[in-house]
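Come along while I look up a few things.

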Amino acid sequence: MPPPQSAAAQAPWRSVPLLLPSTYDHGQTSLRFCESVESGHSSHADSAQVATLLQISAPPLRMDSQAKYCCLARGDAQILLRLPGGLTGGGYKENIWDQASGSLILTEAGGAVSDEEGMPLDFAVGAKLYNNTGVVAAIHPALLVEVVAAIRHIRQVAAQEETTSLKTQSNC
């Protein structure tokens, strides 16, 4: 039951807006990320790489459904990672019904949502997010920029390692 002085207790039939912090400072905020339970829906290994790069030590909050967005809007986690093809590729495209309402809830609360490249989700091209790869969400636009930068960095390192490996193999 909510505290007697809270808005929810005074008028339980009214909606109480969820508002995320208007400012964000990574140095002052302990981070946790959400991801799918099923590793086939999102690469747990790639999410772990992003977490390491962002110095996230809390274990991931794993669940399926759009409830992940609500957990961010409530403050239970700060980042949502859905990397079904992994950071090195894959052709999986998200269904719009798996992302649309959750992304609306989070953005209305002050969060931000994009694909792995930082592009807005394009819900206008049919039943799938054909113009997007993966989904990344955060409680603040500045945090989303940090997460997308971490993903880019991991991709660049992987590409450099692959190039080096191919050169080594061709020299043998």
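How many salt bridges does the count come to? I get four salt bridges, keeping in mind that this is a predicted model.

**Entry: R62 and E35.** I looked up this pair and found their side chains in a salt bridge, 2.7 Å from N to O. Since R62 lies in strand β2 (residues 61-62) and E35 in strand β1 (residues 33-35), the pair ties together parts 27 residues apart in sequence. I noted R62 as partly exposed, at a relative accessible area of 42%, while E35 is buried at 0%.

**Entry: E94 and R82.** Here the side chains meet in a salt bridge of 2.8 Å, again N to O. E94 sits in the loop between β3 and α4 (100-108) and R82 in strand β3, so I have distant parts of the chain linked, twelve residues apart. Are these two buried or exposed? E94 is buried, at 2%, and R82 counts as buried too, at 7%.

**Entry: R74 and D76.** My next salt bridge has its closest N and O atoms 2.9 Å apart. R74 is exposed at 59% relative accessibility, and D76 is partly exposed at 32%.

**Entry: strand β5.** Which strands pair with β5? I found β3 (residues 79-82) antiparallel to β5 over four bridges, with L81 opposite V136. Strand β4 (residues 112-114) also runs antiparallel to β5, joined by three bridges, and V113 has A137 as its bridge partner. Last, I checked where the β5 side chains point: V135 and A137 go one way, V136 and A138 the other, and all are buried.

Note on methods
Residues are numbered from 1 along each chain as its sequence is written. This is a predicted model: local features need pLDDT of at least 70, side-chain atom pairs count only at pLDDT 80 or more; totals for chains, interfaces and linings use all residues. Side-chain values use heavy atoms; hydrogens and water are left out. Buried means under 20% relative accessible area, exposed over 50%, partly exposed in between (1.4 Å probe, protein chains only). Helices (H or I, at least four residues) and strands (E, at least two) are DSSP runs, numbered from the N terminus. Two strands pair if DSSP finds at least two bridges between them.
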